There are 2 protein chains.
Amino acid sequence: MSITKHKNSPRIRRTPEESRANILSAAEDLLVEQGPQSLRLADVAKRAGVANATVLHHFGSIDAVQQALMERMIADLVENILSVEIPADAPLEVRTAGLKTLFDAFETRGAARLAAWLELTDETSRLTVVREVVQEVAQKKMGNAGVPADVAEDIILLSVTLAVGVGLFGPTLGRLIGKPPERARELTLQMLMGYLEGLSG
Amino acid sequence: MSITKHKNSPRIRRTPEESRANILSAAEDLLVEQGPQSLRLADVAKRAGVANATVLHHFGSIDAVQQALMERMIADLVENILSVEIPADAPLEVRTAGLKTLFDAFETRGAARLAAWLELTDETSRLTVVREVVQEVAQKKMGNAGVPADVAEDIILLSVTLAVGVGLFGPTLGRLIGKPPERARELTLQMLMGYLEGLSG
DNA sequence: GAGGTTACTGACAAAAATGTCAATAACGAA
DNA sequence: TTCGTTATTGACATTTTTGTCAGTAACCTC
């Protein structure tokens, strides 16, 4: 009956891990470029260059894709934050470098959008790892510089919260009022660094 | 053929304005409580206590509902911000009061979620009014206190950006690391007020 | 090569969400 | 009271999105 004779482009056969990574990367691009509402099955599959059914083969549902993306982005963010090495000396420059890494992650690497996405979809329970990470950074890295643990946690809470605001809305609001998009970050970092100097000085 | 005899609860007939407001309020509740992905036709209609077709009668499409909600929330926010009166004297307490109003709007009145929603859906072009509002506040209200216009605009840019971060993510992040949910706001306001004192002092 | 495993796919089915329409019923005006 | 307007609605139609399945083809082992 049905004659199958299609000259389709040859299939790409990846390992399951590669295929999942390919799909998640496509989804991440869509999230950053067009927002969470663009994370539809057909859109993700098209962006990844595979058939819809391939996405479902690897993840089971489009919901599972979104959840896996959340997990991967959280893991990437944590790894990125923890990669900042803070020696016990040179406190000022080190703080500067650490803050810049933090703000960069939230602005250019989509972490602010991830945070907003998690918050708006009520998925912040996925962030329980954050508690351990914050405690680790507060104790091991900032503790070495002589900062008490609870003060260090306050500093992290403050810095991350501000980084979310700056990364998510700073460029847009800056442009809206006729300032360069990086102006909000400049102002925030200047204020934050001054504040931290005042604490330790 | 078809016999229609339903003992439904009596209809509520509103003016078009009332009906639109009722539907938008329901949508706003859903947005704040469950996020933008809950702004579905059936969900909004159910929350508003009307039939799906009623929503479409007044707005034409669910997309138009979302856009009208954006406009209404932006207008409410602007009105709320502009309602803060800043006399020319008593600079310190006035700043405090103004900042608290701002942070309160972004935290408890859903403005931070509105900002995140607009940003994630690429609808920030709706915020062009913001430019005028910022300029008005910078000139009329802060100008009275002797603050140069461009400095005033920087202060507003900084304050609003931080308010978004604090309002959106402060409570969640605070709870995550075992601190009270208002801790991020406390820290931010303390830092911001100190910074502003340093500018004028 | 031959054969087995399984990533991959198109065609199809199912479900979910949006939108249409004719009929109904509040409400005000004549 | 009667009548006209129109906000409201259930039933239905359409579109969009998700998910199923059997067949295909790439890759590996023997």
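Predicted model: local features only at pLDDT ≥ 70, side-chain atom pairs only at ≥ 80, totals over all residues.
Residues are numbered from 1 along each chain as its sequence is written, and side-chain values use heavy atoms, leaving out hydrogens and water.

Helix α8 of chain B covers residues 149-176; helices are DSSP runs (H or I, at least four residues) numbered from the N terminus. Of its 28 residues, 24 are buried, meaning under 20% relative accessible area (1.4 Å probe, protein chains only). At B:F169, shortly before the proline B:P171, α8(B) has a kink of about 55 degrees, the bend being the angle between axes fitted to the seven residues ending there and the seven starting there.

Chain B superposes on chain A by a rotation of 180 degrees with 0.0 Å of shift along the axis (RMSD 0.1 Å), fitted by least squares on the C-alpha atoms of residues with pLDDT of at least 70 in both. This is the relation of a two-fold axis.

DNA strand C is surrounded by 22 residues, each with a heavy atom within 4 Å of it.

| Residue and atom | Atom of DNA strand C | Distance |
|---|---|---|
| A:I12, polar backbone atom | phosphate oxygen | 3.3 Å |
| B:R11, polar side-chain atom | base oxygen | 2.5 Å |
| B:L41, backbone N or O atom | phosphate oxygen | 2.7 Å |

α3(A) gives the largest share of the surface near DNA strand C, 4 residues.

Definitions and conventions. Chains lettered and ligands numbered in written order. Helix = DSSP H or I, 4+ residues; strand = E, 2+ residues; numbered from the N terminus. Expected span 1.5 Å × (residues − 1). Buried < 20%, exposed > 50% of the residue type's maximum accessible area, 1.4 Å probe, protein only. Polar contact = N/O pair within 3.5 Å; in protein donor to acceptor, adjacent residues only side chain to side chain.
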